[in-house]
Amino acid sequence: MSNIARPEFRSELATIESQQFEEFIAELWELDGWETQVTGVVEENAIDVIAVKNELIQRKEVIQIKQVEPDKLVTPSAVSNCNSSRHYQQNADSSILITNTGFSDDAEILADNLNVKTVSGEGLYEHLIESNRFDYFYEYI
């Protein structure tokens with residue numbers, strides 16, 4: 001299948017259910033060689049996906065997915081919560097916060113300060129274009 005237009009992608013991403021969004025993210029990480037586990041925890045600030053990669057050294061990433069209304073941005077409190085969640089997962093090397101929209105300027109600054117990696121809906125779109133993986137997105141919408 002071919003790529004979809006950016007506005008259509010944003011619209012589809014806004015309507016995807018939480019469980020499907022988590023599974024989609026886990027699959028993207030798996031395609032890049034990670035072993036993933038969708039936690040299935042429905043708490044607001046819980047880890048949604050755990051990704052582990054065993055190469056020369058083992059790396060473990062905890063991923064939190066924050067879905068917000070299409071006209072809203074992720075706030076610093078979500079970044080802080082994501083950072084805290086890393087400390088509850090043994091041997092986690094990094095935390096990643098993924099959203100369907102974007103991040104406020106203050107949230108981006110805090111993420112940089114706390115070393116929380118951020119991925120916006122726009123970043124997901126760009127990744128799908130660069131990796132030619134829109135077919136996987138279509139499975140979830």
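So, is Phe-134 buried or exposed? Buried, with a relative accessible area of 1%, where buried means under 20%, exposed over 50% and partly exposed in between, using a 1.4 Å probe on protein chains only.

Quick housekeeping. This is a predicted model, so local features need pLDDT of at least 70 and side-chain atom pairs count only at pLDDT 80 or more, while totals for chains, interfaces and linings use all residues. Numbering starts from 1 along each chain as its sequence is written, and side-chain values use heavy atoms, leaving out hydrogens and water.

Okay, who sits with Phe-134? Phe-9 pairs with Phe-134 edge-to-face, at 6.1 Å centre to centre and 85° between the planes. The pairing rule wants ring centres within 6.5 Å (six-membered ring for Trp), with planes under 30 degrees apart stacked, over 60 edge-to-face and the rest tilted. Phe-9 is in helix α1 and Phe-134 in helix α6, so this pair ties together parts 125 residues apart in sequence. Helices here are DSSP runs of H or I, at least four residues, numbered from the N terminus. Phe-9 is buried too, at 1%.

Now Ile-4, in the segment before α1 (6–15). Ile-4 counts as buried at 7% relative accessibility. Skipping neighbours within four places in sequence, Ile-4 is in contact (heavy atoms within 4.5 Å) with Phe-9, Tyr-125, Phe-134, Phe-137 and Tyr-138. Ile-4 and Phe-134 are 130 residues apart in sequence, yet their C-alphas are 7.8 Å apart.

Conventions: Helix = DSSP H or I, 4+ residues; strand = E, 2+ residues; numbered from the N terminus.
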